Amino acid sequence: MFRIAIKGILGRKARLILTSLAVILGTSFLAGTSVFSDTLNRTFDNLFSDVFKNVDSYVRSTQVIEGNFGQEERQRIPLELVDLVKKVPGVSDAVPDVQAFARIIGKDGKPLGSDGQGPPTFGSVAMKFKGALWTISQGEWPMGPKDVALDEASAKNGKYVVGDTVKVVAQSGSREFTLVGIASYGDVRSPGGATFALFDPTTASEFLAKPGLFDDILVSGDGSKSDVELAKAINAAIPAKYKTETLTGAQITAETQDQIGSALSFFGILLKTFSFIALGVGCFVIYNVFSISAAQRQRENALLRAIGASRKQITRTMLIESIAVGLIGSIIGLVAGIGLSAGLSALLRAVNIDIPNGGLVVSQNTVVSTIIIGLIVTVLSAILPARRAGKVPPLAAMRATALEIAAPGRKRLITGFASIILGIAVVGFVMSGASNSYLGIGILLVFIGTIVLGPIIARPVALFLGRPAARFRGITGVMARQNSARNPKRTSRTASPVLIGVALVTAVTALAASIKGQIDDVFTAQFKGDYAISTDARGFGGLSPTLAIDLNKLPQVEKATGFGFLTVKIDGKGQYLTTVTPETVDGVWDIGLINATYADLKTSNIFLSEKTAKRKNISVGAVVQTTFADGVTRPLTVSGIYVNNEIGDYVANSHLVDGTPVVMFDVGVYIKTKAGADKAETVAALTAAVKKYGQGDLLTKQEYINKQSGQVNQLLGLIYGLLMLSVIISIVGIIITLLLSVFERQRELGLLRAVGMTRSQVRTTVRWESVITSLLGAVLGIILGIGLGWVIVFALKDQGLTSFKLPVGPTIVIMVMSFIVGLFAAIYPAWRATRVNILDALNTN
């Protein structure tokens, strides 16, 4: 039987290739993401190993606040510690270092890099030192308050050469410097596409942070002590009041590598999640092909049974074929994935995200896991068709048909409805207060039930969807309609990948529409001003607080107020604290204060959102112990409760950090103009003020609201792009099914051609059959997707998402796209159908 299986595989090479396509597409994306992630991890590991190779010790504060998404806010250390460290026996040299926000403005007046949505924009220290992180490739080191050096990529992108004047924006405002040097970081022009403005230590401290304060101290030893001994000696020499720690060069290297690895792992997990979704969609294609294959080989298998083959032998024969398909598809997918990874690396370089040089990393784990996953997916998809093939009776050899004609049974009906009812019950259980973690189980059960019921639903829905074709396309439309409905199992299985893809796309679209609708409603109600200056920076950098101060001096402006964010620790946990200026925010932004006014927000006070106050059982007059980035814990008295928590759960006075080492940026400035102010003059004055700082977008109120809701589209575009592979596999599934269907119906097509059907009519019939199948999956997918979107919106009500918006326009677009997919998928099968030789087809048994 093994030889029969091998001969069967070799005798049906076209079917082997077609079936392998689904495996190839799924495993190529999986392998590509694994290779790409491993390559990035290794190259950045090597980069930081090289960068810190001459750093023997690393001194920093132990006072750190861990915010959301892995963000850290670490207290800075004073300059006086540098001289103290230099006196430690075994220390050759020590220099202070700063890693802070700075934005380089290009010669065209546009800032380099991007706000919050790309690689960060840094300001740092560059000076001659054995353990220096930077090397000067052109010019010299920055030495004075007017000097700056740029990384190579930023100098090139900004069209700067040594001697040019460069504008840089930081927390303290914007300044112009003379470019004295161009630097490189290890062997790259700039690490990961980030921009770097580099200064001498004194300028960096004063311009980027606070005078006399630094993030860390880099230490180079004289070789008399080991790294561990040197770190212990430095720790012992620094008084405990400074609250510092000293790491070895190996420790800071490993920590930096781990941080980069954690950031990259999220990206890798996201890509792999969609890889497995694509493989799941591919399962239906593989299952469908093997089911069709089993039906078409019914007589062949029956003859084998008649001459003595057992059921198990027939089943094993088909499973051997599935192993061959899985193995070949996985190997080709692995090779294609390596090519995909190389393409992604080239794409990053094309968009100026510079990554260290190095070859692709194809690990043993990637090779083994890709092949094993591909094999498992293929074999599992083929088990049921193989079992059915083994059950064929010997008498089936006498039949002249090879059609899969078994009707859906009662067992399928009961199982499908039971799964849907159980899933709905789980979803209802979650809505009544149970943990959202059960939601995925409920949704999965509903999907499984719908797919199980697919063959029962397929016939009536296909007949309904085929009515326009039957009415307007005549006999070809009638035949396409009947062909789609006469084998509901096959039609359902072919439509299932489309169903899954469309359901996920529709659910995401519904969620995005709901979020955008709520953003529109919220900002329209709360923002009372006329203009806004927007930045996408979140958590790192932003607008200088002095921008709002300058705007308030304009004669056209009644009020301009900035919103800032600080990372603080409350109840032992990192939190975001929103800062406002009470004197200017009133009348510009409404947070829905309850029995309080903005004037109640003194520097010793804090406002709490109503939701947080209820959850923590805190009332007005209570004291909230709040620890800031300078390590100081300040008791803030609750002086007001507010309803609109879209800006955050805690609000404090922006003057609270005046005179402290805490650095604060504004994430937006909101402006209310004076009544009667000339619009053209106002816009010109505001534009000039923004241009002075070199960053931020001046927007009208409606433009600002549109931008906030439009940010959802970026996430939507990413998800659409990642789901595209599933859509491609769905198209491949339809193509394969139609090709096998054409092969199966050769005699039928020959008879139709013999009685006068033209090639054009044959093409039309196959084309409309494809469209009906695609629309079947789309209709069911849209219904499921809308339901799924509503459930997700409901589950997010505690996060502030309170209303569901039906995406009517996008839903129509999805239907139209499904129609186009059906037409596209039918191109080659329809052409093949017209190539059927009439005489040969009539001789087919």
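How many residue pairs are in polar contact between domain 1 and domain 3? I began with this question and found a count of zero, with both residues required to be at pLDDT 80 or more. A polar contact here is a pair of N or O atoms within 3.5 Å; within protein, one must be able to donate a hydrogen and the other to accept it, and residues adjacent in sequence count only if both atoms are side-chain atoms.

**Basis.** I worked on a predicted model, in which local features need pLDDT of at least 70 and side-chain atom pairs count only at pLDDT 80 or more, while totals for chains, interfaces and linings use all residues. Residues are numbered from 1 along each chain as its sequence is written, and side-chain values use heavy atoms, with hydrogens and water left out.

**Domain 1 against domain 3.** I took the bounds from an automatic or database domain assignment: domain 1 covers 1-54 + 249-403 and domain 3 covers 457-528 + 707-845. I noted 28 residues of domain 1 in contact with 25 of domain 3 (heavy atoms within 4.5 Å). The buried area (accessible area, 1.4 Å probe, lost by two parts on being put together, summed over both) is about 2,400 Å², and carbon and sulfur atoms give 78% of it. On the domain 1 side, Phe274, Val281 and Asn288 lose the most area, together 22% of what that side buries.

I also looked for salt bridges (a side-chain nitrogen of Lys or Arg within 4 Å of a carboxyl oxygen of Asp or Glu) across this interface and found zero. Helix 2 (13-51) and helix 7 (249-296) are the elements giving two or more residues to the domain 1 side; helices are DSSP runs of H or I, at least four residues, and strands are runs of E, at least two, numbered from the N terminus. Helix 7 gives the most, with 15 residues.

**Salt bridges elsewhere.** I recorded 11 in the structure. Asp215 pairs with Arg76, their closest N and O atoms being 3.0 Å apart. The two residues are 139 apart in the chain, Asp215 in the loop between strand 14 (213-214) and strand 15 (216-221).
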